[in-house]
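Reader: I am new to this structure and would like a close look at one part of it, the nonpolar core. Please describe that part and what surrounds it.

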Amino acid sequence: MTDQTTAPAETLQGTETTKQIGKYQVKVVRDKCISAASCVAIAPKVFQLDEENLAKVISQDGAEDEMKLLAAQSCPTMAIVVTDTETGKQVWPIE
């Protein structure tokens, strides 16, 4: 019998260790961002606008996978890429 539960992925970033909750990882393609901030409105613990008024990821574990996907889908320029960390496949935008 195999264990179906998966522990959160743990990565080292600089001097900090971060844990990723869920299986979706999000990334902002800054060249496509137009500062609509719909991602921030939907998932404010995952995204925020920086000093250039462009979206950036502040935490991979700030929202459930469904909310991260919804935030990405709300972006008018499809500037947020969602990847399934279990399969390595891009979930959004659909290729």
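Author: The model is predicted. Its largest nonpolar core has 19 residues, and those with the most contacts inside it are Val26, Cys39, Ala43, Val46, Phe47, Ile80 and Val82. Two or more residues each come from strand E3 (24-28), helix H2 (65-74) and strand E6 (80-84). In soluble globular proteins, nonpolar side chains tend to be buried together.

Val82 shows how these parts meet. Beyond its neighbours within four places in sequence, Val82 is in contact with Tyr24, Gln25, Val26, Lys68, Leu69, Ala72, Lys89, Gln90, Val91 and Trp92.

The strands belong to an open sheet of three, ordered E3-E6-E7, with antiparallel pairing. E3 and strand E7 (90-92) stand at the edges with a single partner strand each, so one side of each has no neighbour in the sheet. On average, neighbouring strands are turned by 35° against each other, direction ignored. Two bridges join E6 and E7 in the antiparallel sense, and Trp92 in E7 is the bridge partner of Val82. H2 packs on this sheet and touches E3, E6 and E7. The direction of H2 makes about 145° with that of E6.

A search of the whole structure finds zero of them. For Cys39, the nearest cysteine sulfur is that of Cys33, 6.5 Å away. Cys39 counts as buried, at 5% relative accessibility. Cys75 is likewise in no disulfide, and its nearest cysteine sulfur, that of Cys33, is 6.5 Å away. Cys75 is buried too, with a relative accessible area of 13%.

Terms used. Residues are numbered from 1 along each chain as its sequence is written. This is a predicted model: local features need pLDDT of at least 70, side-chain atom pairs count only at pLDDT 80 or more; totals for chains, interfaces and linings use all residues. Side-chain values use heavy atoms; hydrogens and water are left out. A nonpolar core is a set of buried Ala, Val, Leu, Ile, Met, Phe, Trp, Tyr and Cys residues joined through side-chain atoms within 4.5 Å. Buried means under 20% relative accessible area, exposed over 50%, partly exposed in between (1.4 Å probe, protein chains only). Helices (H or I, at least four residues) and strands (E, at least two) are DSSP runs, numbered from the N terminus. Contact means heavy atoms within 4.5 Å. Two strands pair if DSSP finds at least two bridges between them. Axes are lines fitted to C-alpha atoms, for helices over the stretch in contact, and angles run from 0 to 180 degrees between N-to-C directions. A disulfide is a pair of cysteine sulfur atoms within 2.5 Å.
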